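I open this notebook to record what I looked up about domains, interfaces and charged pairs. The entries follow the order in which I worked.

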Amino acid sequence: MKLKKEFESFFRKIRIDDETHVLKEKRDILQDDIESKLPEILADHGITISKSDIRMIDQGSYKYKTTITADVVDRDVAVIIPLDINDNPDPREIKGYLKDSITIWQRSVSVKEPCVRASYYENGEEWLHIDLPLYADDGGFKYLARGKATSDDYTWEPADPDGLNADLCDKILGHDQLRRIICYIKKWRNEKYAGSSGDHEIPPSIGLTYLACDCFIEQTGSDGDDDLLAFQKTMQGIKDRFVCTCYDGEVLTADISRRLPVEPYSDVFQKMKDSSTSYMVKFYKRLSKAVDNLTNAVNVESPHDAAEYIQKVLGTDFDVPPKEAVTAVTQSKREHSFG
Amino acid sequence: MTAREILESYEEISIESQTGDDFFVFRLYGKTFLLITPNKDDFSSRPRIYLYNDAGFDFPHVLLYDEEVKENTLIPEGTYRSVCLYEPESIVFSVISYEDKLFDAIERLIELLTMSKAEREKEFQKEFMYYWNCGLAGRNAIVFLCQEDNFSKFVLYSNKQDTRFVEEGIVLSDINYRNKGERKWSERVDIEAYYIPVLDNRGILPPYRGRPWTTHNVKDIVYGKQIEHISFDTYQCLKTTQVSTRNMVLVFGMKGEQASITFAVMIKCNNNTRNTRRTILEKIREDAVAVEPIKTKREDYTFLSNIIGNDIGLRGKRALLIGAGSLGSYVAFEIIKNGVSNIKIYDDDILSNENLLRWAYGGLGVGRNKAEHISLLLNIMHPEIKAEGIPKSIDEKELANEVKNFDLVIVTIGNSDTQLKFNRMLNNIGCNIPVLYTWIEAGGEFSHILYVDYSKPGCYECLFTNESGEYVNNRASIAPEIVESNMIRNGCGGTRAAYGTAVLLRTTATLLTTFQKIISGELQGSTLIDITPNSAMNSLTPFPMEACSCCGH
């Protein structure tokens, strides 16, 4: 099986199995702050909740073990509080209270459109942010607080954070090859969008994860999992789901949708589409290029040449085995001296 | 092709100077290199490449040592650092043409210089201990571990050159030795030391030029932001273990590609908190002001056994060896060198000059008891070896008691009557450990090993029993007739068979293979092995014998 060892080595390099101790501690401290301060702050504004009413749950890739190494560690922890959204129609205010509860000098706190973000810096550089999406639990129905601090565009959006977690965990946990393929796709995304900074320019992890789950077909051979083939087929499957319009060989528009399987059943790529049509075209073109390289890697005989194609997709962390010709000429059968 | 033509065939290379046909200074990727071509008159010769006048270049396989060249007519004056292009013995240069050697060397250099960050990290980790120890002076840390996976504390002992870091639980036999009344090793209480196993070694690189270790390196291991290098249990130990000394030594262990990597670092702490006991984690995070790498060597028996490729199955096993004659002496040393660190040897015989040439390590000990003398030599080999020599013949009663304390019995006395007695007794008590009987046939050409698993059919007595249940001479014998010609008779009890040492080596080697097969489960039940000058194979002699009055039914 081609490049089996190299894919194993690559996955070992990029995978993050679990939170580090420092992350756990930061998260615990954050949780303590929220539990101890948020009820008081809310009480000052006529909202009564107790410490035990606050529920915080892991979200995102740490939950279903598809986190990969990155320059900035990104954690998602949902904060769920009991709240009547009719009495408190402005989610920006509640997000502001959450922000106040965690604002201390050790962290920089800001209100983002879907969450409150606590960022941590060392030597002037951000190394960790913990995103805290805030949910109102109103009579058993959950609503995500959306809207930037000063934006007029805000809403309590119906949501199902537990259902989303359960769905993704069910799809991914215990399916190791799929988990690895999701990590490869995220690594590809990080490589190809390393210089991108525009809002919603980058395909969201949740979208890539769901597309991977949809298009993945397990590939195994007599000597184990064939990650190269599984990766190529999954990426090809994602590409095939695009609907494009072309003129004179040029892609003019590209569209792909993936709706969440739970409330609010929204398209995870909608914000990307709304931001700029060029983002989806760029996404499609980059994906197509990756598929071409992966297909070449599958088709060439030489592991060296195949790995060079893979490097174009996954970057230089992917090992390239030596050229066979060099190996044959110079690497004689090994002998040992009697040391 | 000439060397010049080969260099010129690469677009990336520009030749700066040439001396004769053998010395080329060239530029590649902004660096200057010296190429010394292979000697055409020596077909085993290899090309050599040196980095020229570049002290700051930190790259895997560019050696750290500078070689100063002055007043040399062949190559420019300056500083050279050797570029290590070949793993030892990876290439048989004699079978490669002059041109291919040069092409290969240049390709290797280009590959080296174009490595990705991840590849460089991998290469640095491969040579971790070289970089760690390179250029370090001062006292060596000699580390003895009995395990690699869990946090632990060391007891420290020093002599004039070294400090031994001995994991709690390991007993070193030489730690109390005295020389003219002075202790060889003194326990150190001025500093505490701890072992920290690293589970994930990503990003952990040794210090090298321009990148010395600082407290950040240590903090990143125990308190990594993104990658968890240590286990939760280890982290908890760091959080709860209090240190009573101002400074401390941390010994990190991690799995390398081929062998375990172990390196020690002194954590120098400020004295603000000298009156309060601080945890290891607090000291690392808050008190550490500097780190000093310590030249480190790991020398515990397990590690030394691992790096020579020993079968791990024998490790920790306790062996009872009955007989310290010629074969027993070889077997004793070899099983110790193969992983059995605990052995007890019985023999009442005295080593004489006539024994020396077919006795392992025969140069010493004439006039001493063989069992005691072997034990002495084994204990000197490594301080974790526990060898005990009993200067007497073991009898059946003692053997019955001893088998309870061991994992393996090897009988190397070669006396059929005694072996038959032992065999019957071991069968009667239902011995539940492997027993290996060994003997050399008269004539000294053929030998045998009988592995007996007393829970299954087959025992030593089967070989002396025919199908009718009658006693016969050993049926395993290969030699067609009784050989008398090489018996040396020098009095009653002093008969010596002149069989040289080759048969001893053959039998010992087969015995080691047999151990491995027993432990791996490849040998299922009692097995007879015939050893000839040409082969060692399972015997065709009918075995077990159903009519055997000892084990038969």
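**Entry: terms and ground rules.** I count a salt bridge when a side-chain nitrogen of Lys or Arg lies within 4 Å of a carboxyl oxygen of Asp or Glu. I note that this is a predicted model, in which local features need pLDDT of at least 70 and side-chain atom pairs count only at pLDDT 80 or more, whereas totals for chains, interfaces and linings use all residues. Residues are numbered from 1 along each chain as its sequence is written, chains are lettered from A and ligands numbered from 1 in the order in which they are written, and side-chain values use heavy atoms, with hydrogens and water left out.

**Entry: chain A against chain B.** I looked up Glu122(A) and found that it pairs in a salt bridge with Lys225(B), with 2.8 Å between the closest N and O atoms. Across the interface of chain A and chain B, the rule finds five salt bridges, and I also noted eleven residue pairs in polar contact between the two chains, counted with both residues at pLDDT 80 or more. A polar contact here is a pair of N or O atoms within 3.5 Å; within protein, one must be able to donate a hydrogen and the other to accept it, and residues adjacent in sequence count only if both atoms are side-chain atoms.

I then asked which elements of chain A supply at least two residues each to the side that touches chain B. They are helix H1 (4–14), helix H2 (21–44) and helix H12 (324–330) of chain A, and H2(A) gives the largest share, with four residues. Helices (H or I, at least four residues) and strands (E, at least two) are DSSP runs numbered from the N terminus. By residue class, this side of chain A holds eleven nonpolar, nine polar and eleven charged residues, where Ala, Val, Leu, Ile, Met, Phe, Trp, Tyr, Cys and Pro count as nonpolar, Asp, Glu, Lys and Arg as charged, and the others, Gly among them, as polar.

In terms of contact (heavy atoms within 4.5 Å), 31 residues of chain A meet 29 residues of chain B. The two chains bury about 2600 Å² between them, 47% of it on carbon and sulfur atoms; buried area is the accessible area (1.4 Å probe) that two parts lose on being put together, summed over both.

**Entry: the two domains of chain A.** The assignment, automatic or from a database, gives chain A a domain 1 (21–159) and a domain 2 (174–329). Thirteen was the count I checked next: the contact takes 13 residues from domain 1 of chain A and twelve residues from domain 2 of chain A. Taken over C-alpha atoms, the centres of these domains are separated by 31 Å.

Domain 1 and domain 2 of chain A bury about 910 Å² between them, with 60% of that on carbon and sulfur atoms. Tyr64(A), Thr66(A) and Ile68(A) supply 48% of the area that domain 1 buries against domain 2, more than any other three residues. How many salt bridges cross the interface of these two domains? The rule finds zero salt bridges there, while two residue pairs are in polar contact, both at pLDDT 80 or more. Helix H3 (61–64) and strand S8 (155–159) of chain A are the elements that give two or more residues to the side of domain 1 touching domain 2, and S8(A) gives the most, with three residues.

**Entry: salt bridges within the chains.** A search of the whole structure finds 54 salt bridges over all chains. Lys4(A) and Glu8(A) form one of them, with the closest N and O atoms 3.2 Å apart; being four residues apart in helix H1 of chain A, they are separated by about one helical turn. I class a residue as buried under 20% relative accessible area, exposed over 50% and partly exposed in between (1.4 Å probe, protein chains only). Lys4(A) is partly exposed at 26%, and Glu8(A) is partly exposed at 39%.

In chain B, the side chains of Arg424(B) and Glu461(B) meet in a salt bridge at 2.5 Å, N to O. The pair links distant parts of the chain, 37 residues apart, with Arg424(B) in helix H12 (416–428) and Glu461(B) in the loop between strand S25 (447–452) and strand S26 (487–488) of chain B. Is Glu461(B) buried or exposed? Glu461(B) is buried, with a relative accessible area of 2%, whereas Arg424(B) is partly exposed at 32%.
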